[in-house]
Amino acid sequence: MAYLHYSNVRIAGIAAGVPKRVKNNLTDEENISKEYTPEDFVKTTGVVERHVSKTLCTSDLCYAAAEKLIAELQWNKSDIEALVFVSQTADYILPATSCILQDRLGLSKECYATDCALGCSGWVYGLSQVMGLICTGEIKKALLLVGDAKARVDCLDDPLFGHAGTATALEYSAGAKDFQFHFGTDGSGYDAIITPDGASRNQVSPKSFEYEEIEGKMYNRMMTRMNGMDVFSFAISTAPKSVKRLAEHFEFDYQEADYFVFHQANMKINNMIIKKLKLVEAKVPSCMSHYGNTSSASIPLTIVTQLQGKLNKPTKFVCCGFGVGLSWGTVAFETKNIVVPEVVLVDELES
């Protein structure tokens, strides 16, 4: 079973960056699915507006978040010894975006840097990767940079998704309380959320840019498409089970957590998860109304935008990410006096 726990590591801070540009689903959208009016779409998904960009890549948003966080923590960049970048929207097929960010941030050339191509579960997976590097004390400080932004083609008109990049700073801390993880994968559902063309299996061709109608919207094969019913069924069954299995394995009462932060899939999915786990809604912050579904960034973005200024005392979290893969991960941890700056609004790049 995929259970992990790490000691002697603490989260020092979390920051987030989003594009300044905002699109409102009630006033700006012309491409809501034929199945919905704008009002019905907002009522169903909970997404009123999103921050999106035509020019900013995920790395640009993660860079802005990381610079802000490093400055607030007053960390010396030469002390940051590892950088893990998690995203479905890397700068290039090659090289790894983590290498580009190591140089752009001015980190040491002795820095460990790697990419992880995961989506909605990515922040939880990334945490476990970084903690595996830090827990022995060989590496003392590290950055986890997570998010999604500019896609392979212009997808600004998808009313569910927003762009965001986040930075989580982790450091070795002898005696720090455990981080406890549960992970799972069901690759038989790989095509439930998929970008069909553009990689090795189906390389780019003229056919890649031909549009077809799927669930009332037009897609080409360079755009990510989703089987909504399959994803809904997966999410509402897998996330509650993962939380319960984590609690059972590590023998704690998940109801005692101060906050539950779930991937911001859509309001209907998350409300069902809350109901199945019998949670108090006040313990389940959400940012999807103003940021949409931001893939792997959604958990840290929710913490930054909804809990900034509320984390000075010891705070118990249960966080669960689930989605593309199909993949899921749940983590339980406690924070104390972590640095959480206000979200950074990032200007468009000059053309």
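User: Which residue does the side chain of Glu171 meet in a salt bridge?
Analyst: This is a predicted model, in which local features need pLDDT of at least 70 and side-chain atom pairs count only at pLDDT 80 or more, while totals for chains, interfaces and linings use all residues. Residues are numbered from 1 along each chain as its sequence is written, and side-chain values use heavy atoms, with hydrogens and water left out. A salt bridge is a side-chain nitrogen of Lys or Arg within 4 Å of a carboxyl oxygen of Asp or Glu. At 3.9 Å, N to O, the side chain of Glu171 meets that of Lys141.

User: How many residues apart in sequence are the parts that Glu171 and Lys141 tie together?
Analyst: Strands (E, at least two residues), like helices (H or I, at least four), are DSSP runs numbered from the N terminus. Glu171 belongs to strand E8 (residues 164-172) and Lys141 to strand E7 (residues 141-148), so the separation of the parts that they tie together is 30 residues.

User: Is Glu171 buried or exposed?
Analyst: A residue counts as buried under 20% relative accessible area, exposed over 50%, and partly exposed in between (1.4 Å probe, protein chains only). The relative accessible area of Glu171 is 15%, so this residue is buried.

User: Which residue forms a salt bridge with Glu212?
Analyst: The closest N and O atoms of this pair are 3.5 Å apart, and the partner of Glu212 is Arg225. The two belong to distant parts of the chain, 13 residues apart, with Glu212 in strand E11 (residues 212-214) and Arg225 in strand E13 (residues 225-226). Glu212 is partly exposed at 35% relative accessible area, whereas the residue that counts as buried, at 12%, is Arg225.

User: How far apart are the closest N and O atoms of Asp347 and Lys20?
Analyst: Asp347 counts as partly exposed because its relative accessibility is 46%, and Lys20, at 45%, is likewise partly exposed. These two form a salt bridge, and their closest N and O atoms are separated by 2.9 Å.

User: Where is Gln180 found?
Analyst: Gln180 is buried, with a relative accessible area of 17%. Its contacts (heavy atoms within 4.5 Å), leaving aside neighbours within four places in sequence, include Leu4, Phe250 and Val331. Gln180 itself, within residues 179-185, is found in strand E9.
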